[in-house]
Amino acid sequence: MAKEKFNSQEFLSSLFHYAHGFNFNHIIFDANRYRVSVSLVRRSATYGNAEMFYVSADPKEFAPVMSTVNSAIEIAELEGRQQATVATVNLERREQVFQFKLREFGNGKYNLDLSL
């Protein structure tokens, strides 16, 4: 039985909304061949530091979400900008701007840090 893929617009809208609502300023995607994990991190003198696991999924199911994020990053890099933008209709502000940092650890392990 095939599993259902994530809807990128709905998932990213809820992820950005949750991050803003609880003052998280980093979204961390840890990916390997078998699993993609998403965590939220807060580094703040005002609200304190915190780290929270958000979701884990199979890479094939999570592909639409990663494709949307990667497309935004590629466009930003082509334009020579340090910030990328993801537009989603479900957010009140209609788009989310973020900085990005990609780390590759070898053996198919990646870490993508989105700073809000």
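Residues are numbered from 1 along each chain as its sequence is written. In this predicted model local features need pLDDT of at least 70 and side-chain atom pairs count only at pLDDT 80 or more, while totals for chains, interfaces and linings use all residues, and side-chain values use heavy atoms, with hydrogens and water left out.

Strands are DSSP runs of E of at least two residues, numbered from the N terminus, and two strands pair if DSSP finds at least two bridges between them.

| Pair | Bridges |
|---|---|
| Strand 1 (residues 26–31) and strand 6 (residues 109–115) | six |
| Strand 1 and strand 2 | six |
| Strand 2 and strand 3 (residues 50–57) | seven |
| Strand 5 (residues 95–106) and strand 6 | seven |

In strand 6, Leu 112 lies opposite Phe 29, and Asn 111 is the bridge partner of Arg 103. The hairpin of strands 5 and 6 has two residues between the strands, and Asn 107 there takes a positive phi near 55°. Strands 1 and 2 also form a hairpin, with four residues between them; Asp 30 stands opposite Ser 37 of strand 2.

Strand 2 (residues 36–42) is largely enclosed by the rest of the structure, because seven of its seven residues are buried (under 20% relative accessible area, 1.4 Å probe, protein chains only). Val 36, Val 38, Leu 40 and Arg 42 point one way, and Ser 37, Ser 39 and Val 41 the other. Ser 39 faces Phe 53 in strand 3.

Arg 81 forms a salt bridge with Glu 79, with the closest N and O atoms 2.6 Å apart.

Terms used:
Salt bridge = Lys/Arg side-chain N within 4 Å of Asp/Glu carboxyl O. Buried < 20%, exposed > 50% of the residue type's maximum accessible area, 1.4 Å probe, protein only.
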